[in-house]
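User: I'm new to this one. Can you walk me through it?
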Amino acid sequence: MALKLIHGPPNSGRAGLVRRRFTAALNRDPVLVVPTVDDVYSFERELCEGGAALGGAVMTFSGLFRAVATAGGAPPAGELTPAQRLRVVSLAIAERRDQLGPLRRSATRPGFAPAFERLLDELQGAGLEPAAVEAAAGTLEGSAYLGDLATLFDGYAKLRDRLGRTDSHRIARGAVELLCEPGDFWRRPVFLYGLDDLTRNQFELVRALAEASEVTMALTYEEGNAALAARASLLERLRRVGVAEETGTEPDPENTPAPLLFHLERGFGASEPERRPPGESLVLLRSAGARGEAEAIGAEVARLIADGADPAEIAIALRDPARRGPLIASVLESYGIATALEAELPVGSTSVGAALLALLAATLAEGSAADLLRFLRGPSGIPSGRVDWFERALRRRRIRGAAAALELWEEHHGGPPHDVARVREAAGGGAAALAAAIASLAATMASRPLRSEEDGPRPDRGDGLELRAAAAISAALADLADPVELAPPPEELAAEIEGLRLRVWSGPVEGRIRVADPYRLRAARFDHVFVASLQDGEFPRRDRGGDPFLSEPQRASLGLEPRRDVDAEERYLFHACLALPRRRLFLSWRDSDENGVAEARSPLLDEVRRLLEPLPGGEPPDPVEAALTRVRDLTRVAHPVAAAPSEGELARAIAARGPGADVAELLGVAGVERPVADRVAGRLATGRAAEAATRAPGPLANPAALDALAAVRAYGGTTLEGFDLCSYRWFVSHELAPQPLDPVPDPLVQGGLMHAVLERLYAERPGGDPLPRPASLGAWLGRGRELLGAVAVERKLGGHPAERAIVRRVEGLLERFLAEESGRAGSGFEPWMLEARFGEENDSERPALQIDGWRLHGAIDRVDRDPLGRALVHDYKTSGSVTPGAKLEEEAKLQLQLYLIAVAERWGAEPVAGLYHPLAGTSTRRPRGLALEEAADELAPYGLSRTDLLDREAFEAMLDDARRRAGEIVGRMRRGEIHRDPGPRRGLRGHGVCPPFCDFAPICRRDRAPAEPREAEGEEQ
Ligand code: SF4
């Protein structure tokens, strides 16, 4: 009977007008249609503000279609749920894949089904059926491509019908068709508000309803307003239907208490806008990094709430809330501020979803050991300590596949993890049983963190998301289990779950800060609005959006609307954001990422700046912008004390002032009163004590620890060297003995193999020579290879490519070393002792060596002796370079000198040299160390460096010096003097410098911790 239009710019009173007309029509059971479910709640609340309102209904467009169909006597039934629809699309693609031409390969890709489902939405929303797409295919170049789309569309429609189901688009078409048939079942007036765009089905419903009854539609449009140009075409289409009445609403400054905000909304997009001075109602936030931006917004929101703002009157608009919203919401939640993040996330981004996907990959597919670990570290109910040990075993055995990892788990624990057993058992019962089991498992996983002996703890922040994720997974899998044809087989189940998305928040938002995109916020108004992440390319977007399938000519041939003008649409959305706030608008952007890399801000900010006077002129910085801007740069690791938004942040802000900060005074500055002040002071005291306790363990004061160190019966050379290199490093690695997660490092494995093979080889003397000689070299090499193979088998090496590579490398080093040895004939020295042990152990040849109140033990790789009874000590190193005699102290080397002393004092031989052999050396592989000059002729085959040859006095002085240094180290050890003191004593090169191979810096915190106490330095001197 009538279509009435109300149009005007934002804040011109359209909502109030619609509300008044709706209320006036209550006796005719009117319907108000709004964009989102949240808007439904919000309008219902407003309608009831003056008391109960009887009659009328507020709903979304899909509700209207259903209401019309029901009124027309065809209530919809059997509608596919979103999960079922996507599954039907996937099955149709699989069924028709062989009939496809150009799309055949793409159709196998994981993202194809969701993308095609979006296209289907558009095609069906435009009222198209498969036959229409097929017909369009015949009229175009590239028709094979469109023909493929028609084939898939037809496959979907046939499968849907075969299952006896319908979908929301069929319901919509049915409603329109019912209205077009004779009969007058619909007489309710319909009002539409906040809808600035209509699909063809929606448009046709509006037209049909207008003929049957009365339709009033409120549009955001103003003649000549460039910011609203994107909505001109809808108005034109509606006018062509035939409009009974048009009401234009005028912008009303009274609707916005802040004149500056009214000015910004009115002026945006104008070619020659007026300007006005800035004011408090506009704030610019410039931050560094996404977290910095989230914290800057969080601090402002906390301040607004502290000043009395209602959280429901604060909104954060994001162009892409799924990408930017989770961090902002989590920062706000950490400040104790409840949020409603209106975004859809993949269920795989939650702990429950990720753990389920990992479990399925590890159990039912050819997953990896990492998948199994991901599941175990999620809400699997298995203690993390047990998972740590299991991960260590996996790494040390270099296990990569999930099947082998599960075998290892069963070996350790006598059976598979409980959830794995559940999945295996359910998989044997068929697809529907598996889907049902996974649905139940999702709920179990989400509830695990909440369980305890009694009622369990109250759900924490974040638990709500996990519970919703579990509910979404359970509901979707229940949908897929019935009808049974839709139940995915085990190998496809993970892909189905991966495709599921979850609304982070839905429902009433009372008491929460809404975080949403401009489309969802545009029908509402708030006192305070943040428009965040205003980055070039993000808002405004650069991508064209829309479906990836159809070109413009193809869209035209199908009768689809041309794609939206991206620039006009982005400006329309930003303008909608400018119209949202009543009191204050915050525009936020990042000028860099967390690493300081520059990021470009949105050009929309410059357009806002052009609405302010005076215009920028001259060099930056612009004084107007500077006055409006609150900055949070990379140096800001905590909030200012007086602006901390929560107790935790206040404690952090005070802690950031350093250990000397006066806590009581700062709490006074922040205006914090008891009991909050007491709690914050308590947290700081606990934190400081913990930090002090972990800063460094020494000097040790615990009597039990000191007694344990004093009770050490004998010390080894490498222990003393380790302490000399850095006492903190020694304490952690030697005394605390953390268990490494990774396999034994390759150099250690190599060294162990090499030493074992050389010991056995020299003991066997292949070919009869005590040392390899040119004539016996072949026999030495052959036997060496055999022994290497045998030792590798004994040590279970060779099952992994990395282990086989180690064995091959050792073989090469061995061959080269033996070849060199065979060229050293004529020294007169022959092997005398191999792995010569002295100490307390049973297999020691000699007792430990007593040195100045402490005892030395050890195992010398090899000692050679000449006919005069003089001894030559060998120490094999698998490194490429070794320490020359002059640098022994600088490089914290003691063992070689101590072994020379032991050979003299425990075996009664006269030591003439101690040599390190660099087995992995390349060009210069001569042994280094210290040797008596007087034995230089006999040692000539070793090609020693002149600097390593010492006269007797210097030689003995080096041994005495080593004895003295070792004694001092033992004394420091016994006194528990543990400090971060890398490198040799002061005055030598490398003092205070951490060796590059030490990876303890994260735990010793040398860079960040306060300087060592002075007495430690004094002693070093
Ligand atoms: S990083 Fe430096 S100070 Fe820390 S343990 Fe290693 S060597 Fe010592």
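Here is a short chat about the sheet, some helix pairs and the ligand shell.

Analyst: Keep in mind that this is a predicted model.

User: OK. What is the strand order in the open sheet of seven strands?

Analyst: The order is E9-E12-E8-E13-E14-E7-E15, and the pairing is parallel.

User: Which are the edge strands?

Analyst: Strand E9 (339–341) and strand E15 (629–632). Each of these pairs on one side only.

User: How much does the twist average from one strand to the next?

Analyst: The average is 20°.

User: How many bridges join E7 to E14?

Analyst: Seven. E7 covers residues 282–288, E14 covers residues 581–592, and the two run parallel. As one of the details, Leu-284 has Leu-587 in E14 as its bridge partner.

User: Which strands does helix H12 lie across?

Analyst: H12 (residues 290–306) lies across E7, E8, E12, E13, E14 and E15. The helix runs at about 160° to E14.

User: Switching to helix pairs. At what angle do H15 and H16 pack?

Analyst: About 170°, with the axes 10 Å apart. H15 is residues 369–377 and H16 is residues 384–396. The two helices are therefore roughly antiparallel to each other.

User: Which residues make that contact?

Analyst: H15 gives Ala-369, Leu-372, Leu-373, Leu-376 and Arg-377. H16 gives Ser-384, Val-387, Asp-388, Phe-390, Glu-391 and Leu-394. By class, the H15 and H16 contact has seven nonpolar, one polar and three charged residues.

User: And H31 with H32, how do their axes cross?

Analyst: At roughly 130°, coming within 5 Å. That makes H31 oblique to H32.

User: Who is in the contact there?

Analyst: Thr-719, Gly-722, Phe-723 and Leu-725 come from H31. Ser-727, Arg-729, Trp-730 and His-734 come from H32. The contact of H31 with H32 divides into three nonpolar, four polar and one charged.

User: Now the ligand. What surrounds it?

Analyst: The residues around the ligand are Cys-726, Tyr-728, Arg-729, Arg-980, Pro-982, Cys-994, Pro-995, Cys-998, Phe-1000, Ala-1001, Cys-1004 and Arg-1006.

User: Which elements give two or more residues to that shell?

Analyst: Helix H32 (727–736) and helix H38 (1001–1004). Arg-729 is in the shell around the ligand, and Arg-729 of H32 is also part of the contact with H31.

User: How does the shell divide by class?

Analyst: Nine nonpolar, no polar and three charged residues.

Notes. Residues are numbered from 1 along each chain as its sequence is written. This is a predicted model: local features need pLDDT of at least 70, side-chain atom pairs count only at pLDDT 80 or more; totals for chains, interfaces and linings use all residues. Side-chain values use heavy atoms; hydrogens and water are left out. A residue is near a molecule or strand if one of its heavy atoms lies within 4 Å of it. Helices (H or I, at least four residues) and strands (E, at least two) are DSSP runs, numbered from the N terminus. Ala, Val, Leu, Ile, Met, Phe, Trp, Tyr, Cys and Pro count as nonpolar, Asp, Glu, Lys and Arg as charged, and the others, Gly among them, as polar. Axes are lines fitted to C-alpha atoms, for helices over the stretch in contact, and angles run from 0 to 180 degrees between N-to-C directions. Angles under 35 degrees count as roughly parallel, over 145 as roughly antiparallel, 65 to 115 as roughly perpendicular and the rest as oblique. Contact means heavy atoms within 4.5 Å. Two strands pair if DSSP finds at least two bridges between them.
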